[in-house]
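Visitor: I have a chain to look at and would like a short tour. Could you put it up first?

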Amino acid sequence: MKDQGRIVKASREKLVRYLKLTNLYPKEEATLFGKFIYAFVNYMFLQTMFAIIKKWSIWNFNSKVSAIESLNNNMGTLGLVNDIFPFFNHIPVSIAMVDDKYFSNENDNSFKKKKQYMKREQLIDAMEQKTVSLVNRLEIILICFYTGYMLAPAFGIILHVIKSQSLSQVILPFMFFVSNESSARSPPVFSSLQSLLPVFLVESFYIYIQLICTVILHTRFILTVSHVSVEIDLFCMDLEELCLENIESNEDGYYNERDLSRQERKLQLIVRNLVIHHQLILNKVQKLNSSLVTSLVYGNSFLTIQLAILIFCLQQHPDFLQRIRYAIMMIPLLFMLIAYSEYGQRIENQGNKMRLALHNFPWQAKPKWVQSTLKILMIRSNMSPQISSVYNFFKQNRENMSKKEGEIKKIRDKLIRYLKQTNLYPRATVFGKFLYLFVNYVGVQTLYAISQKWSSWDFNSKVSAIESLNNNWGTLGLINDLFILPKHVRVAIEMVDGRYFTTEKDMNSKNKTYYKEKMDYIYKTEMKTVSLVNKLEKIMACFYTAYMLAPTFGIILYLINMQTLSQVTLPFLFYFSNESTSRSPPVFSSLQTLLPVFILESFYIYMQFVGTFICHTVCILTVSNVSLEIDLFCMNIREISLEDSFEENSADKETSSNHEGEFRLAVRDLVLQHRLIFRKIEAIKNIFLFRLIYGNIFLTIELALLIFCFQKHPDIIQRTKYGIMMIPLLSMLVAYSEYGQIIENQGDKMRIALLEFPWQTKPEWVQSSLRILTIRSNMLPHIPVFNIFKQNRENLSKLMKLAYTYFNLLDRVSS
């Protein structure tokens with residue numbers, strides 16, 4: 001294999017060049033200037049602590065916040081420098097990993113390997129090009145970021161020199177204790193240019209050190225994580241190669257002894273290299289953990305404290321403009337936090353990819369020793385690799401069963417009928433695109449009305465406006481799920497249209513007892529699903545109709561002179577005229593201005609009903625499909641477990657052979673069905689991903705608003721109203737979380753069915769197959785959202801905590 005790592009070599013040399021700029025690398029060759037830099041960084045940390053102790057009582061709010069920010073920044077810089085010198089040996093481990101060559105099969109050029117070889121080279125080149133590009137972009141971004149720190153004081157000094165600005169307006173970014181004057185407030189303010197310039201130069205040098213150390217940290221992360229990621233991709237390619245290797249027989253089905261020996265030696269060599277490669281990956285992950293262990297500790301500490309400071313200032317700072325500034329500063333910090341976490345997430349994703357590649361390996365046609373090796377690799381890959389810190393505080397062609405079609409087909413047709421009403425499925429029409437723009441407009445106009453009228457609204461109007469905004473966000477999520485991600489709906493319909501797995505035994509058996517039992521079970525389960533969807537449709541129709549009942553009866557009472565028009569309030573804020581936003585919900589002075597908005601809001605509520613019904617129906621149908629497939633799998637396991645064991649030395653060898661053939665066929669079908677279940681679960685994960693995001697956000701904010709209004713609203717009748725509204729919302733939250741819980745419960749049912757299988761009386765090859773299926777089922781299926789949420793009952797408790805946190809924020813801001 002040609003020189004691997006040749007593309008990424010430039011980034012590796014850049015890393016070494018930055019390390020040498022610190023004069024602390026290699027550790028044995030640390031210069032006097034490097035040791036001075038190390039001492040200087042320690043001094044910056046200590047002098048900030050000293051100034052805080054001495055001057056805290058005389059500082060104002062701004063100075064105290066700035067001092068804490070400086071202290072946290074100095075602590076982060078000290079962690080960066082300590083990672084290089086003097087205590088740890090992490091940098092050489094990282095560089096050694098980048099210098100390591102990727103694993104190469106010894107037989108790459110020995111038999112029909114040229115195509116495989118070229119494919120590996122193309123993969124390595126493509127991945128290394130992405131890595132180099134990412135490192136270069138990161139360097140530019142960090143240079144711009146740290147240069148921005150000193151631009152304001154640099155321009156301030158220039159303006160002072162040309163007499164356009166006083167020196168008191170020149171503020172340095174950090175606190176540097178050189179005299180009593182410089183710590184009178186934080187950041188320091190100076191009375192003369194002679195006392196300012198030395199501190200300006202020192203802080204510029206300090207920011208330069210921060211830039212170098214931060215580039216070193218992130219470049220190390222990118223290069224090492226990318227190296228392990230490529231190694232796992234190469235392992236998956238090697239596994240694909242093994243899938244294609246078979247011990248072939250001649251036309252009569254007999255094996256030539258010489259060919260058999262040659263083919264088996266070839267297979268042994270491939271499997272041996274695969275095992276060595278797997279061991280190498282685990283060793284590299286271990287090295288990766290050891291090289292990044294302290295980086296996680298100080299990185300997480302810095303980001304946590306910085307985020308807490310920003311949240312505190314956002315709530316407590318007396319100046320409104322400063323609060324806006326801190327809110328804006330939270331955005332890049334959150335992006336940094338996401339990017340920092342993504343390094344470890346990439347390793348976990350690649351580890352999961354390796355685990356799935358092993359689980360999906362077609363082991364049935366391979367020799368027993370290959371299956372035995374595969375089991376060991378699967379057990380070792382069951383725990384996804386993670387980047388964790390010290391003491392684990394942080395972590396970074398199948399036969400089908402005919403269904404009794406009829407009722408379930410009606411539900412599927414109903415779903416498509418509702419989908420076509422949106423004019424966004426299967427292809428978006430002009431009217432469908434107009435609907436999409438209309439929903440976007442309703443959200444934007446609510447934001448505009450809030451920004452224009454917030455200060456003039458009373459408590460009721462503000463609460464109603466926020467409810468409208470959150471409702472618009474949920475509706476926008478529903479419509480985006482159809483317009484931007486129509487593939488998810490198509491996959492869901494394909495799952496419902498697909499037939500359940502059937503075994504050869506079900507189709508060919510003279511006694512159809514098990515087959516009829518499964519057919520009856522499918523029919524009963526599908527009838528429950530149909531009943532649930534029909535009930536859901538009626539409940540949602542009543543719920544959304546109720547939105548417009550009050551204004552409808554209000555208009556009727558106005559027409560018969562029993563109520564004034566000012567008492568007719570619409571449910572949402574719709575910016576139709578300046579009059580319509582005088583309060584929220586809008587109040588109108590004439591029927592001519594009210595009716596157009598009433599018609600538009602009625603149409604908007606109907607679109608909400610259609611979108612919500614589609615969302616929940618897709619969830620119910622897909623979850624029910626997978627759940628039923630797992631139940632059928634468990635029934636097949638029970639059927640196999642009741643099979644009598646056959647004796648290899650039986651007197652009637654023909655009967656024994658036929659029995660064994662049927663048994664092998666049943667086990668093969670069981671393996672194929674097991675694989676099908678996991679493919680369906682992966683499809684459900686993709687279907688649920690986006691709707692979990694907008695659904696969780698909508699439900700959390702809505703719950704927090706109801707709790708807030710329940711506690712803070714001055715009117716006791718309104719507080720009772722909000723208290724009653726919490727009951728259906730909590731019911732919706734429980735139902736929403738239950739979809740994923742059903743998948744987890746069914747996965748656990750499948751796992752227990754495999755564990756309780758009476759394997760003792762079965763042949764060795766059945767036990768071997770069972771062990772592989774059990775290993776694959778050990779990790780319960782779940783529906784995650786970027787590993788932040790999981791759609792199960794735990795999701796309910798997390799959303800309740802988030803709602804309470806948001807309630808506290810509303811409470812602080814309002815008071």
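Guide: One term first: an angle between axes counts as roughly parallel under 35 degrees, roughly antiparallel over 145, roughly perpendicular from 65 to 115, and oblique for the rest. Axes here are lines fitted to C-alpha atoms, for helices over the stretch in contact, with angles running from 0 to 180 degrees between N-to-C directions. This is a predicted model, in which local features need pLDDT of at least 70 and side-chain atom pairs count only at pLDDT 80 or more, while totals for chains, interfaces and linings use all residues. Residues are numbered from 1 along each chain as its sequence is written, and side-chain values use heavy atoms, with hydrogens and water left out.

Visitor: Fine. How many helices and strands does the protein chain have?

Guide: The protein chain has 20 helices and four strands. These are DSSP runs numbered from the N terminus, helices being H or I with at least four residues and strands E with at least two.

Visitor: And what share of its residues counts as buried?

Guide: Of 815 residues, 49% are buried. Buried means under 20% relative accessible area, exposed means over 50%, and partly exposed is in between (1.4 Å probe, protein chains only). The chain exposes about 40,100 Å², with 61% of that supplied by carbon and sulfur atoms. Areas come from the Shrake-Rupley method with a 1.4 Å probe, and for residues only the protein chains shown count as cover.

Visitor: Back to angles. How do helix 18 and helix 19 cross?

Guide: The axes of helix 18 (residues 716-755) and helix 19 (residues 764-777) come within 9 Å and cross at roughly 155 degrees. The two helices are therefore roughly antiparallel to each other. The crossing of helix 18 past helix 19 is left-handed. Left-handed means that the near helix is turned anticlockwise from the far one by less than a right angle; clockwise is right-handed.

Visitor: Which residues meet there?

Guide: On the helix 18 side they are Met750, Arg751, Leu754 and Leu755, and on the helix 19 side Leu770, Leu773, Thr774 and Ser777. Contact means heavy atoms within 4.5 Å.

Visitor: What about helix 11 and helix 12, what angle do they make?

Guide: Helix 11 (residues 430-453) and helix 12 (residues 459-483) have axes that come within 9 Å and cross at roughly 155 degrees. That makes them roughly antiparallel, and helix 11 passes helix 12 in a left-handed crossing. Residues that meet include Tyr436, Val439 and Leu447 in helix 11, and Leu469, Leu476 and Phe483 in helix 12.

Visitor: Is the crossing of helix 15 past helix 16 left-handed or right-handed?

Guide: Right-handed. The axes of helix 15 (residues 513-559) and helix 16 (residues 591-641) come within 10 Å and cross at roughly 165 degrees, so this pair is also roughly antiparallel.

Visitor: What is Tyr558 in contact with?

Guide: Tyr558 lies in helix 15. Leaving aside neighbours within four places in sequence, Tyr558 is in contact with Gln563, Thr564, Leu565 and Leu591. The C-alpha atoms of Tyr558 and Leu591 are separated by 9.3 Å, although the two are 33 residues apart along the chain. Tyr558 is partly exposed, with a relative accessible area of 28%.

Visitor: Where is Asn561, and is it buried or exposed?

Guide: Asn561 lies in the loop between helix 15 and helix 16. Asn561 is exposed, at a relative accessible area of 71%. Phi of Asn561 is near 60 degrees, a positive value in a residue other than glycine.

Visitor: Which other residue has a phi near 60 degrees?

Guide: Asn23 does, again a positive value in a residue other than glycine. Asn23 is in the loop between helix 1 and helix 2. Pro26 is found in that loop too, and the peptide bond from Tyr25 to Pro26 is cis, with omega near -10 degrees.

Visitor: New topic. Which side chains does Asp83 make polar contacts with?

Guide: The side chain of Asp83 has a polar contact of 3.1 Å with that of Arg220 and one of 2.8 Å with that of Ser295. A polar contact is a pair of N or O atoms within 3.5 Å; within protein, one must be able to donate a hydrogen and the other to accept it, and residues adjacent in sequence count only if both atoms are side-chain atoms. Asp83 lies in helix 3 (residues 61-84) and counts as buried, at 2% relative accessibility.
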